[in-house]
Amino acid sequence: MRVIAWILVAVVIAIAALLGYSMYAAELTLGASGCKVVAASDMAEQFAQLQQDVADQALKGVAFVNEPVGEIGEYSFHLYTVAVANRGFLAADWVELNVTAGEGDILQVTPQQVSMLPGLKEGQVTCTVLARADASTARDLTLTYFVFGRPYKLALKAQ
């Protein structure tokens, strides 16, 4: 009887240790971040769709200014990418990268699919911002996600 009790105590301690590690490792690890600037004319189809969505008030994203989108030559797309690693056992759900609007930013496009990062995996999270062609790429970024229904938020800077 005593042996069974010690085995059960060991099992409970092991389960508690796994749960403790899962909660400790719930915060994603951020890796390298970068920004690629692409002229709007190189992504003419996407620009035309955004222009139409703004005109129709059907934008799937966040508008930073309340004005119509002008000519294609005035704008560029800023494509921000952040490497993330999930060191925990539980998946990170609704992983989303948001930008704090800077001078010259027009709108941020919302991705079409919901991002998820499985446990013990690495991946990349991206966001796309339409900005004036001469706008700087230095921005404050916020990575938000949920682990087991609990929200997390990490801040970082992109150059």
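The largest pocket of this predicted model holds about 630 Å³ of space. A pocket is an open set of points on a 1 Å grid over the protein atoms alone, with protein on both sides within 12 Å along at least five of seven lines. A volume is the space filled by probe spheres set on the points, which are joined across faces, edges and corners.

As the model is predicted, local features need pLDDT of at least 70 and side-chain atom pairs count only at pLDDT 80 or more, while totals for chains, interfaces and linings use all residues. Residues are numbered from 1 along each chain as its sequence is written, and side-chain values use heavy atoms, with hydrogens and water left out.

**Largest pocket**
- Its lining has 27 residues (each with an atom within 4 Å of a point).
- Val 109, Thr 110, Pro 111, Gln 112 and Gln 113 lie nearest the centre of the largest pocket.
- Two or more lining residues come from each of α2 (44-55), β4 (92-99), β5 (105-109), β7 (122-132) and β8 (139-147); helices (H or I, at least four residues) and strands (E, at least two) are DSSP runs, numbered from the N terminus.
- The element β7 gives the most, with 5 residues.

**Second largest pocket**
- About 160 Å³ of space lies in the second largest pocket.
- Residues lining the second largest pocket include Val 54, Gln 57, Ile 106 and Leu 107.

**Cavity**
- The whole structure has 1 cavity of 30 Å³ or more (a set of points where a 1.4 Å probe fits but cannot get out).
- Among the residues lining the largest cavity are Ser 22, Asn 86, Phe 89 and Val 147.
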